[in-house]
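Here is a friendly briefing to read alongside the model. Please keep the sequence and the 3D view open as you go.

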Amino acid sequence: MTDPSPDEHRPPIDTTTAHSARVWNYWLGGKDNYPVDREVGDYVLAAYPEMVEAARADRGFLVRAVTHLAREEGIRQFLDVGTGLPTHNNTHEVARRVDPDTTVVYVDNDPMVLAHARALLTGDDAGGVHYIDADLREPDKVLAAARDHLDFTRPIGLTILGTMGHTEDTAVAYALTRAYVDALPPGSFFALCDGTDTSEPMVEAARRWNETAALPYHLRTPEQIAGFFDGLDLVEPGVVSASLWRPNGAEVGDPAHVDQYCGLARKP
């Protein structure tokens with residue numbers, strides 16, 4: 001695992017203000033959260049109870065997209081930017097079910113995520129799993145560190161999930177993701193998923209979030225989500241609600257639409 005910065009150089013974990021990764025962890029049924037996170041999480045859920053399903057749909061998309069890339073496209077190295085707190089079916093776990101030698105690099109700059117990286121990415125599983133302590137808004141720094149672990153002459157699977165909504169200006173968000181995609185070799189893939197303004201309850205949930213949490217979140221239209229993939233070759237079924245992206249055949253009935261849109265695309 002990448003050796004993170006010493007603790008004394010990291011800001012302390014703030015347990016007085018809700019944090020997006022911890023609230024997300026709460027919605028997914030995790031235990032890595034504090035009372036303030038659960039309070040804000042419940043406040044949002046009161047407006048949009050389907051948020052739990054949306055969070056699960058985001059995670060389900062990750063599982064299906066990474067499985068597709070590893071199994072069908074032969075991708076053996078992944079760059080997971082803005083990974084958040086570890087939970088069930090993390091990128092390295094999903095990819096390594098297909099090939100245990102797959103290399104995965106996680107990127108985040110949250111001190112709590114850093115603590116979990118130190119605790120979890122150890123032992124026999126750590127050889128091909130690395131953590132970069134960096135801000136996704138500094139792509140040059142992230143990419144320079146990623147090159148220590150990934151071979152940029154071979155295809156890479158890039159995932160940026162549930163993260164770009166924290167960048168208000170859509171043009172800036174496009175430029176950030178483009179900086180990462182431009183650095184990838186041809187034949188690489190880019191997966192993105194984020195919240196959309198596709199229902200009034202979701203819009204109200206975002207308003208409540210921005211009223212109470214430290215880091216605002218900005219919903220986009222499905223068309224704006226599709227804009228992240230300009231110039232790339234979208235994998236079927238294109239940009240859709242996360243629950244509708246290649247749902248498992250074993251699922252009973254039609255998956256419910258969620259206000260999280262996603263896509264997976266190949267770099268020509």
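## Helices and their cover

Within helix H2, the buried residues are Val36, Asp37, Val40, Gly41, Val44, Leu45 and Ala47. Here buried means under 20% relative accessible area, exposed means over 50%, and partly exposed lies in between (1.4 Å probe, protein chains only). Helices (H or I, at least four residues) and strands (E, at least two) are DSSP runs, numbered from the N terminus.

This is a predicted model, in which local features need pLDDT of at least 70 and side-chain atom pairs count only at pLDDT 80 or more, while totals for chains, interfaces and linings use all residues. Residues are numbered from 1 along each chain as its sequence is written, and side-chain values use heavy atoms, with hydrogens and water left out.

- The buried residues of H2 are covered by parts that include helix H1 (20-27), H3 and H8; this cover is counted by contact, meaning heavy atoms within 4.5 Å.
- H2 (residues 35-47) has 13 residues, which should span 18 Å at 1.5 Å a residue, and its end C-alpha atoms are 19 Å apart, in agreement with that. The expected span of a helix is 1.5 Å times one less than its number of residues.
- Helix H3 (residues 51-71) has 21 residues and reaches 30 Å from its first C-alpha to its last, close to the 30 Å expected at 1.5 Å a residue.
- H3 is mostly covered, with 18 of its 21 residues buried.

**Salt bridges**

- Side chains of opposite charge can pair when their charged atoms come close. A salt bridge is a side-chain nitrogen of Lys or Arg within 4 Å of a carboxyl oxygen of Asp or Glu.
- How many salt bridges does the structure hold? There are nine salt bridges in the structure.
- Arg137 pairs with Asp135 in a salt bridge whose closest N and O atoms are 2.7 Å apart. Arg137 is exposed at 55% relative accessibility, whereas Asp135 is buried at 15%.
- In helix H8 (residues 200-212), Arg207 and Glu204 lie three residues apart, about one turn of the helix. Their salt bridge has its closest N and O atoms 2.8 Å apart.
- Arg207 also meets Glu211 in a salt bridge (2.9 Å, N to O). Arg207 and Glu211 are four residues apart in H8, so about one helical turn separates them.

**Aromatic rings**

- A search of the whole structure turns up four aromatic pairs. Rings of Phe, Tyr and Trp (its six-membered ring) pair if their centres lie within 6.5 Å; planes under 30 degrees apart count as stacked, over 60 as edge-to-face and the rest as tilted.
- Phe61 and Trp245 form an edge-to-face pair, 5.3 Å centre to centre with 85 degrees between the planes. Phe61 lies in H3 and Trp245 in the loop between strand S7 (240-241) and strand S8 (260-266), so the pair ties together parts that are 184 residues apart in sequence. Phe61 and Trp245 are both buried.
- Phe190 and Phe229 form a tilted pair, 5.4 Å centre to centre with 40 degrees between the planes. Phe190 is in strand S5 (residues 189-195) and Phe229 is in the loop between helix H9 (222-227) and strand S6 (233-234), 39 residues apart. Both residues, Phe190 and Phe229, are buried.
- The charged end of Arg246 sits over the ring of Trp245, 5.3 Å from its centre, and that of Arg147 sits over the ring of Phe152, 4.3 Å from its centre. A charge sits over a ring if NZ of Lys or CZ of Arg is within 6 Å of the ring centre and within 35 degrees of the ring normal.

- Ser241 belongs to strand S7 and is buried at 1% relative accessibility.
- Leaving aside neighbours within four places in sequence, Ser241 is in contact with His257, Val258, Gln260, Tyr261 and Cys262.
- Tyr180 lies in helix H7 (residues 170-183) and is buried, with a relative accessible area of 1%.
- Not counting residues up to four places away in sequence, Tyr180 touches several residues, including Val81, Asp135, Leu136 and Ile160.
- Tyr180 and Asp140 are 40 residues apart along the chain, and their C-alpha atoms are separated by 8.5 Å.
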